[in-house]
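Me: I would like to go through a structure with you, contact by contact. Could you take my questions as they come?

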Amino acid sequence: MKYVIIGAGVAGIEAAKTIRKRDGAGEILIVSADTHVHSRCMLHKFIAGERDEQGLDFSEKDFFSKYNVEWKKGVRVEKVCPHTKEIQLDNGEEISYDKLLLAQGADSFIPPVGELRKASNVYGLRNLSDAQAIVKEAETAENVLVIGSGLVGLDAAYGLLERGKKITIVEMVDQILPVQLDAHGAEAYQKLFENAGVRFVLGRKASEAVCEPDGKIHKVTLDNGEELACDLLIVAAGVRPALACLEGSGIDCDRGVTVDASMKTSQEDVYAAGDITGLSGIWPNATDQGHVAGENMCGAAESYTDTYAIKNTINFFGLVTLCVGRIKTEEGDQIQIKEDKTQYKRVILKDGKVEGILLQGDISNSGTWQYLIKNKIDISGINKDIFDINFADFYQVKEDGGYQWR
Amino acid sequence: MKRIMIDHEKCDGCKNCSIACMQAHRETEGTVYDLDLTDPRNESRNYILKDADGHYRPLFCRHCDEPKCVEACMSGALSKDPKSGHVFYDETRCGSCFMCVMNCPYGVLKPDTVSKTKVIKCDFCVNAGEGPSCVASCPKQAIYVEEV
């Protein structure tokens, strides 16, 4: 049996490991554009110079030899042909498979504003290659413009602050981290970044950006006419599943590759996991999907059921935040807030159930919130301060000593 | 694997287990008699929770069969040891993202109070001698180690 996995992110690595545990003899090949296995969530540490390439590796020590996995790196897949059961690489090579996993992730989305897509000093921050290019460009660049103030935009800024750059962040809406935080929680991070020297321009969009004769953009005009000088631009405006090589393959795609609960695509023997499915951009979900796909590629009947993905944690300058569920309030919500100088907590309740939680400053022992929210557990009968509710209120110990929610 | 079993009906909330855990993981030399309980660097990896009726509910890392903390770890710092079955934490690899804290369905994990760079996580006292210190200190035998 020959298993081919496209992508060396967590979904691909987890699938390879899972397959090897089930099939000791099968041939496993990972094909990736990435030349290092790396955690995308730590690219800011590379930009900051805190870690080198090896320091970003999330896989087990000697992963490829330990699990007897072959790895072809630095190659891109140009075409997937489920009918002939082969893939074509950009070096002209054709590789056949018995089972194929699509786990090539997503690409940074560069919006079609001015000549952003054409300029040579505009980068997304998705791959180690992006971070490497940013570090190189930063050797000569002084003024950095970051478009987008989500986690990736702030990661980029955080890393480049360590290199002493002058950073401006432009954000369309009137607060930073709009997907994760309410205005009050966002303000705390804004202040920390401002104290470190970052300038924010909120509620503004880039409207014009023209390449100069050197092929670079040196100023961006905003929708109010303000001009921002820059020598390096980082666009953090989200990602799109990397579907280009699937054109003409007959594999059904919507926002991402369409999969059923077993992570199988519309084509026989082709599976997909991770960001390419568009199901979730969250690490644990990608791990789980890779695991389920790997099991099923070996003939098991596992399902991806723990699909909840509206969850995140944030840590900048030692200020930690947990946000799970809905962040925007709506009519009929019951809101409870607790705040002192070290923490800010806000819970959104509806009909006795928690729909959203935001904890900032102290996130100790907060894992139970995700469970309460995703399983829509009614907590109205618990006679406690809501922020004191914990696993004791649902406590059950199984015979093998494991815990179970009551 | 060996697991710390819990007979919660026996727990009387004395928190000897928490003090033993703090002592086992303190950075400074010394005995439990000079353990500084007010030093935020001395943190327990176990907790005695109370439900709404005041019943004690000991919260100890289960070193789960399918650990959700490991699944969430984006740096490789958390891993399930294939030999012992325990979930170990390598501080030097940790990226301090705290997705593990979010993903533990029982709320066992927390960031360290002082630096917010490390995870406070049970290590089964592998570096502290014979078996978990919490178990040795429990006067009620509410916690005990068993092969599961």
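Reply: What follows covers the domains and then the contact between the chains.
Reply: This is a predicted model, in which local features need pLDDT of at least 70 and side-chain atom pairs count only at pLDDT 80 or more, while totals for chains, interfaces and linings use all residues. Residues are numbered from 1 along each chain as its sequence is written, and chains are lettered from A and ligands numbered from 1 in the order in which they are written.

Me: Which domains does the assignment give for chain A?
Reply: Domain 1 covers 2-107 + 239-297, domain 2 covers 122-235 and domain 3 covers 311-394. These bounds come from an automatic or database domain assignment.

Me: How far apart are the centres of domains 2 and 3 of chain A?
Reply: Their C-alpha centres are 30 Å apart.

Me: And how many residues of each are in contact?
Reply: In chain A, 11 residues of domain 2 are in contact with 12 residues of domain 3. Contact requires C-beta atoms, placed from the backbone, within 7 Å.

Me: Which element gives the largest share on the domain 2 side?
Reply: That is α6(A), with 5 residues. Helices (H or I, at least four residues) and strands (E, at least two) are DSSP runs, numbered from the N terminus.

How values were computed: Two residues are in contact if their C-beta atoms, placed from the backbone, lie within 7 Å.
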